[in-house]
Amino acid sequence: MPRLLLRLFLGSLALLAPCLAVGDAAAQMPMAWKTGPEAAAIERRIDRLLRQMTVDEKVGQLHLYGRREGFDNGEIRSGRIGNVMNFVDPAEMAAVQKAARESRLKIPLLIGLDAVHGVSTYFPLPLGQAATFNPALVEEAALWTGREARALGINWTFAPMVDMSRDPRWGRLLEGAGEDVHLSGIMAAARTRGYQAGGVAATVKHFVGYGGGEAGRDYNTAWIPAEQLHDLHLPPFRSALDAGSLSVMAAFNSVNGMPATAHKGMLTDLLRRQWGFRGLVVSDFGSIPELMAHGIARDEAEAARKALAAGVDIDMMGFVYSRHLATEVRAGRVPIAQIDEAVRRVLRVKFHAGMDTINDIDPKTAESALQSPPALDAARRAARESIILLENDGILPLDPARHRRVAVIGALARPDQERVWTDPAGVPRKPLESLDAALARLLGGGATISYQPGVTTYCGTEFADRAAAIEAASAADVIIAKLGEDCEFMGEGASRTRLTLPGVQDALLEELIGTGKPVVLVLATGRPLVLSHLKGRVAALVQTFHAGSEGRTAIAEVLTGAVNPSGKTPISFPRAVGQIPVYHDHLPTGRPETKRRFRYESIFMDEANQPLYPFGYGLSYTRFSISDLRIETPRIDPNGLLKASVLVSNTGSRDGQEVVQLYVRQPVASISRPVRQLKAFDKVMLKAGASQRVSFTVPAQALGYHDTAGRLMVEAGGFEVHAGTSSMTELKGEFSVSGSTRDGVRMRP
Ligand code: BGC
């Protein structure tokens, strides 16, 4: 991941202006597949170019090189580098794009960056965005991220990550949408649309199975049965591609013994032949030479041959295409047709995305496009809806009459102390509000707010003036502790076997609880931690997945009741690491747990089966009831639509939002089916005392499952519908599907 590049120069953007070839580039063109005559013209143009290109120029289009000191634009001018990454300085980006225009064939560069949850305006981590259960808001977040990236000169992002994982030990869980395949598919499509509308080509990643690594260890082997591959891991990719994602990134891991980077079955047979994907596939960072470490290539040249033959078009920072492909072609070991096909896909993306028609960025425009008021407003709205209230003994919202002295403890309360792992490059940010300042503003003059970091840095590995933190806490009516995971504790390469607060934070928290003052624990993490030991010991538990630029303000709004929390868990929170994987749509067992907890049942001797907080769970300051489930289509055929509705009532005294969730189960089928699966949800805003009927439509095809050959099967029989406010809902109805169908996997048009 890129880290620290931009701060150094963006401060002097204005000075750079004269150096640039400037156009009206920040004009942000939505990127989308073209069709009909336009698409045909692009193919003819590619044909012409392929006839003109030398082998070296062709290989240049398959090479992706990262920014570093001494980067040589001459390599671009000579056509040997066709794509770059990790540039964040608009002036440098203008310069490399200019070099491409000065090359013989003037083919524009792809300029890629991981814009995971923001560029300058930060939105909640994708896991937090999923907690909003609000795809429109998530699309807006990606739109602003795309716009900010585009304003700097970036035209390609390595996002969205849609890897399915049920393993919070895996540090990259934060980049996805959690454990549920339906929610993940919806978020994958929303993010893809948003990025591309903002002006950057999306890259859905990591194809495939990266989130299924054994034991949650990053880069580890994944063994995934075909049915699960098709029912769980592939659908979010399909959703992103259906939403128009122009590129795909191959994964680091092996799937069922074959490294994804050399997986012809996945990259060519499935992705291209069956699904009809016409865009480009990029490797992950250095993953082509890693085929040697995987033990399927003797040397770099063989690794390059295998990846190319499998369908990887661009070598990201592996340097093996650039070093070996031309020689391999000349030696007759790689057919030129294979190279041409890969080049065609790269050029197709560039031309469909209109990259050659967009002028350079203007640094002045770039500057004003960062952290614009509407982007920050979107970030605030996303942050508000991403906050999940896990526990509340009634202390929240804070009462200015009772909570006059508030101690805010934890370095994460201050924006300057928080660095999120996915932060692309330390892009400058305008001063943002701290949690203590936001609380002071919202609680008014009657409140006294004290702040102590408690730990020296946001990593929480060492105490900062511990005595001062405890003294401040002891003198308060309520303690707001903002603790969590950051630094090297989350993200890529940050798998963990203990899901505790890192460093000394648990000890600090125990001391805070020991003061006898009520503790409101606000967590900022990249995954669910194990929180069982805190149940009943903290007055309230507020979960955020790093809520972004406006996060502290939004947290203060929730704590004070200015905003009623509505976030829902996108993943089950385990009671203990030993329960993992624990998720809502598991299969039944022959020996399910009964109330008696008979020994020879499928249970743990020392822990419950259920998670601490189930999927789809989150409290509000008001109460919602869901009733009167009506199934309007008691009998449907396999191509029909299930129509159901429920009455949602806000029975409390505050306005609020609720996520109404619809789960389906097929209790008897020819194979064992999950105990329930999310098939639809809707987020509704209801005034105190108001009711609303919420309707759902679910295509019968969505009730099917895949066989070992990847064919979708919708099986006749009875189905149960469960509706409610979390995956533990009990409200139940029934319908049936008549007649079965065995379809091939639906083709892209
Ligand atoms: C990650 C990718 C990322 C790439 C470029 C890799 O280590 O796995 O997700 O896009 O780096 O930053």
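**Notes on the predicted model**

1. Asn86 counts as buried, at 12% relative accessibility; keep in mind throughout that this is a predicted model. You'll find Asn86 in the loop between strand S2 (83-85) and helix H6 (90-101). Its backbone deserves a look too: phi of Asn86 is near 65°, a positive value in a residue that isn't glycine. For context, most residues other than glycine have a negative phi.

2. His546 is another non-glycine residue with a positive phi, about 40°. This one sits in the loop between strand S16 (540-544) and helix H22. Buried or exposed? His546 is buried, because its relative accessible area is 0% and the cut-off for buried is under 20%.

3. As background, most peptide bonds are trans.

4. Tyr613 belongs to the loop between helix H22 (551-560) and strand S17 (624-631). Tyr613 is buried, with a relative accessible area of 2%. Leaving out residues up to four places away in sequence, Tyr613 touches a set of residues including Leu390, Glu391, Leu531, Lys535 and Phe573. With Glu391 there is also a side-chain polar contact of 2.5 Å. Ser727 is 114 residues away from Tyr613 along the chain, yet their C-alpha atoms are separated by 9.9 Å.

5. How do H19 and H22 pack? Helix H19 (residues 435-443) meets H22 at an angle of about 40°, and the axes are 8 Å apart. That angle makes H19 oblique to H22, and the crossing is right-handed. Among the residues making the contact are Leu435, Ala438 and Leu439 of H19, and Ile555, Ala556 and Leu559 of H22. Overall, the contact residues divide into 8 nonpolar, 2 polar and 3 charged.

6. Last, helix H10 (residues 226-233): which of its residues are buried? They are Leu229, His230, Leu232 and His233. The cover over them includes helices H9 (181-198), H11 (235-242) and H12 (264-274), along with strands S7 (254-255) and S23 (705-706).

Notes:
Residues numbered from 1 in each chain as written. Predicted model: local features only at pLDDT ≥ 70, side-chain atom pairs only at ≥ 80, totals over all residues. Heavy atoms only, no water. Buried < 20%, exposed > 50% of the residue type's maximum accessible area, 1.4 Å probe, protein only. Helix = DSSP H or I, 4+ residues; strand = E, 2+ residues; numbered from the N terminus. Contact = heavy atoms within 4.5 Å. Polar contact = N/O pair within 3.5 Å; in protein donor to acceptor, adjacent residues only side chain to side chain. Axes fitted to C-alpha atoms, helices over the stretch in contact; angles between N-to-C directions. Parallel < 35°, antiparallel > 145°, perpendicular 65-115°, else oblique. Left-handed = near helix turned anticlockwise from the far one by under 90°. Nonpolar A, V, L, I, M, F, W, Y, C, P; charged D, E, K, R; others polar.
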